[in-house]
Amino acid sequence: MSVLSERPPATAHDQKASTVSRKLYFVRGVAILLVVLGHVIGRDEAFGLLKLYHNELPLLAGVKGFIYSFHVPLLFICSGVSMALFSRANSSLGQFALSRFTRIVVPVLCWAPIAYVLRAWSNRLSFTWQELFWTAWFERFDIFWFFHALLFASCFCFVLMKVLPDGMSCFAASLLAVLAVAGLQHWFAQPWLAELLYYLQWNLAYAFGLGIALYLEPVAAKLARVPVSRLWILGAGLAGLMLVGWLAMPGQWLAVTKFANGCLAFALLMLLPASSRKLPARFYEWCMYLGRVSMAIYLFHVYFLGGVRILIEQLLGTTLLVLPLQLVAGFTVGLLVPVYLYEFFKPRSKLFVLSLGEGR
């Protein structure tokens, strides 16, 4: 199976894939919710609410740590599944390159320099034009590291899919590449090997999505016939494995934890609609919608949740009584304002839509 830019379902195979795509959007929507929540809390004690409350409430760090153990791998798995299910066969290198440029590179070109300027101004730092564009475009700056890793993963897997028979073979080759480079890095400790290993580890989640994509529809059909009580037991087991893995795995094995928990979380979220057949339709549709607009949320949420945090801190201080307000307000504003911006500009500005990687 070859890979090209994603397209709407059209063939009989794609009609089956469209059933999976609804669940896939649901998973992506939940993942972007967790991304926003994780950034409200802060990735470490220099960011978010952890910067204000890490001494008073260590539970925040624990919640953040669990979320960070699987939320981004979820996005990579979803991207891998999308590449496998919604791609044109026998694509040329030029077509694939154009697809990756419009979907991944363009958002970085458009929005990373703006983020860099805002970050520098907020910290009262000066910069040169060379520093601006080099850091924003070519280094893993802020949230834009994700695009660098996603571009590597899609290109690496595109090459593998051209020479290997299926997605599972691509995953196996990706796993072997991780193990080989990890071994070389252990023995030789070279910076370029560490950099390559970094990208290959994220690629592994992407390749896992490629590998399992064609199995999702048959598995979903079988799960539909399983009693709900058994599905709940299975779901509880998956969640328990995630928690145990996060608590028990040594820190130096964090990459393994992220991959394993990402896979378990994907299985759990794909299972949820089947195990909760009375899952509120509005919640399910809302999460699918968030999955569809996840690019806008990802690009813009940090500005608004950070602004709300600073505003509340200035007005009300940093007492524990203010913490619930910080959590709720930061999460709500960080999630909804990007959505409203997207809905406002989408019908009014084609350039805005293109800047989000939605160009054709």
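Analyst: The side chains of Arg140 and Glu195 meet in a salt bridge, with 2.6 Å from N to O, in what is a predicted model. This pair links distant parts of the chain, since Arg140 belongs to the loop between α6 and α7 while Glu195 belongs to helix α9 (residues 191–212), 55 residues apart. Arg140 is partly exposed at a relative accessible area of 32%, and Glu195 is likewise partly exposed, at 36%.

The loop between α6 (129–138) and α7 (145–163) also holds Asp142, whose salt-bridge partner is Arg119, the closest N and O atoms of the two being 2.5 Å apart. Because Arg119 lies in helix α5 (residues 93–122) and Asp142 in that loop, the pair ties together parts that are 23 residues apart in sequence. Here the two partners fall into separate classes of accessibility: Arg119, at 31% relative accessibility, counts as partly exposed, whereas Asp142 is buried because its relative accessible area of 19% lies under the 20% cut-off.

A search of the whole structure finds three salt bridges, and the one still to be described joins the side chains of Arg22 and Glu285 at 2.9 Å, N to O. Arg22 is in helix α1 (residues 12–41) and Glu285 is in helix α13 (residues 281–292), so that distant parts of the chain, 263 residues apart, are linked by this pair. Arg22 counts as partly exposed at 36% relative accessibility, as does Glu285 at 38%.

Methods: Residues numbered from 1 in each chain as written. Predicted model: local features only at pLDDT ≥ 70, side-chain atom pairs only at ≥ 80, totals over all residues. Heavy atoms only, no water. Salt bridge = Lys/Arg side-chain N within 4 Å of Asp/Glu carboxyl O. Helix = DSSP H or I, 4+ residues; strand = E, 2+ residues; numbered from the N terminus. Buried < 20%, exposed > 50% of the residue type's maximum accessible area, 1.4 Å probe, protein only.
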